[in-house]
Every structure is written in structure tokens, then in C-alpha cells.
Amino acid sequence: MQKNFTLEYWLDDSWYVGKLKEIPGVFSQGESLEELEENIKDAYQLMLEESLENHPQVQTKEIWVDVT
């Protein structure tokens, strides 16, 4: 199952900085737009993992996330 999110991004001193519009608190940066996309996926995955650590009864499943 894939889930699509909206990546909002901007340039800040030659760094691409962005956030997932639908998921408050998921921010990242990269030296290129491609690097930002990979980093934002990692940030989303870390957020999921931290959430699961706080709720151990929740089961996990690996998913692919398309960021546009």
C-alpha cells in the first residue's frame, strides 16, 4: 500500500527545506530536491517508528511513500 503526501518546500540559503503538508511535524532538508525527498521519507519513517515505540500494541507493516 502506498500513501501520497504533499511536499511543501522552499530554498533557504541554497538548502531545500520542506515539510509534509498532511503530517504536522515532519520536516527535513537537503542539498538538492532529490536529497530532500529521500530525507523527508526517512523523517516520516522515524516518526512512525517513534509512534510505535510509545504504543507497543500497535502492529507494523513496511510501506512505500510517494512524495510529490
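Student: Which element gives the largest share of the lining of the largest pocket?

Tutor: That element is α1, with five residues. The model is predicted: local features need pLDDT of at least 70, side-chain atom pairs count only at pLDDT 80 or more, and totals for chains, interfaces and linings use all residues. Residues are numbered from 1 along each chain as its sequence is written, and side-chain values use heavy atoms, without hydrogens and water.

Student: What makes E38 and W64 lining residues of the largest pocket?

Tutor: A pocket is an open set of points on a 1 Å grid over the protein atoms alone, where a 1.4 Å probe fits, with protein on both sides within 12 Å along at least five of seven lines; lining residues have an atom within 4 Å of a point. E38, K41, D42, Y44, Q45, E62, I63, W64 and V65 line the largest pocket, and therefore each meets that 4 Å limit. The elements giving two or more residues to this lining are α1 (33–54) and β5 (64–67).

Student: What share of the protein counts as buried?

Tutor: Of its 68 residues, 22% count as buried, so these have under 20% relative accessible area, with a 1.4 Å probe and protein chains only.

Definitions and conventions. Helix = DSSP H or I, 4+ residues; strand = E, 2+ residues; numbered from the N terminus. Buried < 20%, exposed > 50% of the residue type's maximum accessible area, 1.4 Å probe, protein only.
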